[in-house]
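Welcome! Here is a short briefing to read with the model open beside you. Take a moment to look it over first.

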Amino acid sequence: MKMNIHGKNKFEVKPGLREYIEEKVESFVKLFNSTDGLSVNVVCKEYGDKKVVEITIPTKHLILRAEASTEDMFNSVDTCINKLEKQLLAPEEIKRRLSVVGAAIYPEDIGTTSKDMASNTLTAVHMRNRY
């Protein structure tokens with residue numbers, strides 16, 4: 001997996017923030033079966049008192065992207081990861097993305113049963129606390 005983390009608008013990504021971003025992104029990409037050839041682009045910006053984080057994960061058939069703006073860069077990173085998890089675990093997209101992206105998501109991982117999966121009544125569950 002290749003991870004690009006950089007700042008824009010004269011914002012410098014400090015080592016503590018870089019480590020935090022790497023930890024959060026690595027816990028998110030555990031949802032994928034294979035991270036070979038996976039590239040993650042993280043852009044950190046500052047506009048006045050707002051801290052903005054953009055995370056983009058392009059894959060062969062799909063682009064996962066999230067952007068968050070808060071008053072704290074660490075909260076922006078957490079919000080972005082939550083948005084990416086919701087995109088990947090969205091009920092109407094889960095079957096298509098499982099076949100396209102090859103994510104390692106099974107009914108027991110997202111708090112539902114195979115019967116629920118068959119009826120497409122999956123709910124997005126925050127996987128954040130698991131890692």
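Is Glu 67 buried, partly exposed or exposed? Glu 67 is partly exposed, because its relative accessible area is 35%, where buried means under 20% relative accessible area, exposed means over 50%, and partly exposed lies in between (1.4 Å probe, protein chains only).

This is a predicted model, in which local features need pLDDT of at least 70, side-chain atom pairs count only at pLDDT 80 or more, and totals for chains, interfaces and linings use all residues. Residues are numbered from 1 along each chain as its sequence is written, and side-chain values use heavy atoms, with hydrogens and water left out.

**The overall picture**

- The protein chain contains 4 helices and 4 strands; helices (H or I, at least four residues) and strands (E, at least two) are DSSP runs, numbered from the N terminus.
- Of the 131 residues in the protein chain, 42% are buried.
- Among contacts with a separation of 6 or more, 45% are between residues 24 or more positions apart, a contact being heavy atoms within 4.5 Å.
- The protein chain has an accessible surface of about 7,400 Å², and carbon and sulfur atoms hold 48% of it; such areas come from the Shrake-Rupley method with a 1.4 Å probe, and for residues only the protein chains shown count as cover.

- The buried residues of α1 are Leu 17, Ile 21, Lys 24, Val 25, Ser 27 and Phe 28.
- Seen down the axis, these buried residues of α1 fall within an arc of 160°, so they line one face of the helix; the arc is that of the directions from the helix axis to the C-beta atoms.
- An α-helix has 3.6 residues a turn, so residues three or four places apart point the same way.
- Pro 15, Glu 19 and Glu 23 are exposed on the other side of α1.
- The packing partners of the buried α1 residues are the strands β1 (2–7), β2 (39–47), β3 (50–58) and β4 (63–70), together with helix α2.

**Helix α2**

- Helix α2 is made of 16 residues, 73–88, and reaches 23 Å from its first C-alpha to its last, close to the 22 Å expected.
- Its buried residues include Met 73, Val 77, Asp 78, Cys 80, Ile 81 and Leu 84.

**Salt bridges**

- The structure has 5 salt bridges, each one a side-chain nitrogen of Lys or Arg within 4 Å of a carboxyl oxygen of Asp or Glu.
- One of them joins Lys 24 to Asp 78, at 3.6 Å from N to O.
- That pair links distant parts of the chain, as Lys 24 sits in helix α1 and Asp 78 in helix α2, 54 residues apart.
- Both Lys 24 and Asp 78 are buried.
- Lys 45 and Glu 54 form a salt bridge whose closest N and O atoms are 2.5 Å apart, and both residues are buried.
- Arg 65 meets Glu 67 in a salt bridge of 3.1 Å, N to O, and Arg 65 is partly exposed, with a relative accessible area of 38%.
- Salt bridges with shared partners connect Lys 45, Glu 54, Arg 65 and Glu 67 in one network.

**Cysteines**

- A disulfide is a covalent bond between the sulfur atoms of two cysteines.
- The model has 0 disulfides, counted as pairs of cysteine sulfur atoms within 2.5 Å.
- Cys 44 is buried at 0% relative accessible area, and Cys 80 is buried with 0% relative accessibility.

**The loop between β1 and α1**

- Asn 9 lies in this loop and has a positive phi of about 55° although it is not a glycine.
- Asn 9 is partly exposed, at 45% relative accessibility.
- Lys 10 lies in the loop too, with a positive phi near 65°.
- Lys 10 counts as exposed because its relative accessible area is 88%.

Conventions: Expected span 1.5 Å × (residues − 1).
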